[in-house]
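Subject: Structure handover

Hello,

Please read the notes with the model open beside them.

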Amino acid sequence: MELRHFAIYFTSILSYQRKISFISRCPTNTFQKLPIGFKMQRLPFLLFDFLFFIGFLSLFFGETNQKFFRNDAIGLGVFLFLIYFFWNLRKRKYSFRSFFHLLFVILLSNFVFFKLAEYDPIQLLPEKLTIKLTMFFWAVVLLYYHAKSSEKEFLTFGSILAVLPCFVTSNFMSYPVVPIGFALALVIRYQDSISENFTWLLLLSTAAFIYWIIKDWYDDFALIRILLLFEVMIFVSFARTWKESMKQIIVDGLLLVFLINAIILAVKMFLEPNFRISNYREDLFLIPVSLIGSNSFLVLGLAVYSIRSENRFKNLFYFAVLIFASLLLMISVSRISILSVGLLAFIIIWSQRSSSVRKFLSILAVPVIVFYLIFLLYSEKTLFDLGTIGIRFSIWRLHFFSTIANAPLFGLGFNPEKIIPFLDIRYLSLADFRFVQDYIIHFHTFPLAHNLYFQILSSVGIVGLLFFFYFLFIYLYRFVKGYSEYSAKDRLLFFILIVWLVHEFMDFSSLEVANVFFWGMVLVGVTRINKNENRQTKPIKPIFSKTFLVFSFLLLISFSLRFGFVEQSIFKYHKDVQLSTFYEFQPKNNSLVKKIENKNVSLLKNWKIQFLGARYFFLELALAKDTELEPSLLVQCFQTMPRQELCAANLMTYVLKQKNMDNAMTLSRYLLSAKDPFGIYTRDFL
């Protein structure tokens, strides 16, 4: 009953939005004549928004290694808002709600750039001036769209526009789902009509997400992937009902922030003394090159789809996006991305009805193909180098057999690469074992699937993979069935989706932020094309849609607070510990270890571990090295943590520092040898 009452209270606030907007626009004497009960309805609305805003600021003012940048981000946001506020105050064009939302959106955007500054590896200009200039420019973009759009439209898409930088620079952020969660919470908060956005399928999908969240509760990185997919699902549910102009604003913003990031990367590369465009790099300023290639392909598709014959200025912008996306595509030397672009170009040329246009595009494609082939022949990684293909086959077999042998129906969870290396590998051949082991040692990472379909299989099992193919078949069936009714522009979206599915046979990590959100934007367009079929689906009852909104809102906010607290704890002790791929955290040499000998261990046993998860626990364990609390935490690790191999590795490290512990040494070696077949933790000891 309490959940239902809270749902009714929350949605009553949503239903008062139009009334409150009317109050804000009314002259003072008009408002004074309103009934007392009507004026009192404004109090829950203001209290809710105030608490929501304070919760967001608590993350902004948390622990960080960039305190001066944070102050600049907040100061710049407030300064630009005040200038815009006083400029428009006399016009009485906007309500109080609109101005408050704009302030929230600007600070949310600056929060994204603040998080980028914490992990900025490029440093093109001193004092992170590049990020500050981009932050200033993006705030101006938000002000521009606020002035250009109606109040209702900006309340709908403004927060999404604020977090678009997350989707092209996600590799610089530990928890990108935090600002995205706040953005979607604002979208939920300011929706006027909600029942038409949701169907029973959405509720069933939400039940599946709850199952996955419970299953991967302790693993932060698995939860990030789950919540990211959940956020994309919510975004698609709302955006499919938006006007086409609003959808195009989001696409243009996405392409614009991609172009800015691509220009920064290009300038940084060409300023390097030893830079060669034909050099192969495993990553480019901490961004995996295959991810750059995949994103570039999707950006190419969205840019081509957005081109309009009636707007030459915007077409120049799309053309610039195409140039820089092609540049990053070449530098990545991602063969599957280049082949996917070629396949998409062939489909576009082949589908042209005009023979003259088809001939022109065919002639134009010849020098481009020749240029790409010459580039690949002279690059360090050629198109015909099959070395990495063999490694991928071995990793695919590892993912397939591990899932079938251990969790065939529902998979291993959304971070399977951290689980698979510690399972029974008797079914894997010796050659495959050596390939995977060399990959782990060389790249110093867990074996990523490099394939969307094997990643889905190992994450959610055969049941999840069958559901994925079922929905994919439904979309493609509708496309083939109504092919003649679609325009060439509409067909292009389906072609992009189909070629991307081919591309994902060899992709690096298909569940990255940029990939999934770009794919979501394509899906929004595909949903619009299938709008006749969508009208046949019955929306769920209002009480269920309202309950879903309450659940989504609480889920996004609660996990934002959890991830925010963990990240602030990491920054708080960044001088004492360092990040580690296999150990999560390791204490730094000769550092001042956190003094927690007298700390109450029961706190860790109760709410902290249960709510904050394994990453926070291993942070505490790294801080407790060489203290009296370390053995107690090691015992607690075996009692509470699902990753027993990591507990055994930490026990082994502890035993090596002790004297007269031969029995414990033998036991820890046995535990590691049984749980660590690839020697991730044992190669340093055995």
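Arg97 is buried, at 7% relative accessibility, where buried means under 20% relative accessible area, exposed means over 50% and partly exposed lies in between (1.4 Å probe, protein chains only). Its salt-bridge partner is Glu151, with 3.8 Å between the closest N and O atoms. A salt bridge here is a side-chain nitrogen of Lys or Arg within 4 Å of a carboxyl oxygen of Asp or Glu. Glu151 belongs to helix α9 (residues 151-162) and Arg97 to helix α7 (residues 96-118), so the pair links distant parts of the chain, 54 residues apart. Glu151 is buried as well, with a relative accessible area of 10%. Helices (H or I, at least four residues) and strands (E, at least two) are DSSP runs, numbered from the N terminus.

Before the rest, two notes on the source. This is a predicted model, in which local features need pLDDT of at least 70 and side-chain atom pairs count only at pLDDT 80 or more, while totals for chains, interfaces and linings use all residues. Residues are numbered from 1 along each chain as its sequence is written, and side-chain values use heavy atoms, with hydrogens and water left out.

Other salt bridges

The search of the whole structure gave 15 salt bridges. One of them joins Arg225 to Glu417, at 2.7 Å from N to O.

Arg397 and Asp432 form another salt bridge, their closest N and O atoms being 2.7 Å apart. Arg397 is in helix α18 and Asp432 in helix α19, so this pair ties together parts that are 35 residues apart in sequence. Arg397 is partly exposed at 34% relative accessibility, whereas Asp432 is buried, with a relative accessible area of 7%.

There is also a network of salt bridges, which links Lys418, Glu584, Arg615, Arg643 and Glu645.

Backbone

Glu584, a member of that network, has a positive phi of about 70 degrees although it is not a glycine. Glu584 is found in strand β4 (residues 584-587) and is buried, with a relative accessible area of 9%. His444 is another non-glycine residue with a positive phi, in this case near 50 degrees. His444 lies in the loop between α19 and α20 (452-481) and is partly exposed, with a relative accessible area of 40%.

Helix packing

Helix α10 (residues 177-189) packs with helix α12 (residues 220-239) at an angle of about 30 degrees, and their axes are 10 Å apart. Axes are lines fitted to C-alpha atoms, for helices over the stretch in contact, and angles run from 0 to 180 degrees between N-to-C directions. That angle makes α10 roughly parallel to α12, a label for angles under 35 degrees.

On the α10 side, the residues that meet α12 are Val177, Ile180, Gly181, Leu184, Val187 and Ile188. Their partners in α12 are Ile224, Leu227, Leu228, Glu231, Ile234, Phe235 and Phe238, with contact meaning heavy atoms within 4.5 Å. The residues of this contact divide into 11 nonpolar, one polar and one charged; Ala, Val, Leu, Ile, Met, Phe, Trp, Tyr, Cys and Pro count as nonpolar, Asp, Glu, Lys and Arg as charged, and the others, Gly among them, as polar.

Regards

Conventions: Angles under 35 degrees count as roughly parallel, over 145 as roughly antiparallel, 65 to 115 as roughly perpendicular and the rest as oblique.
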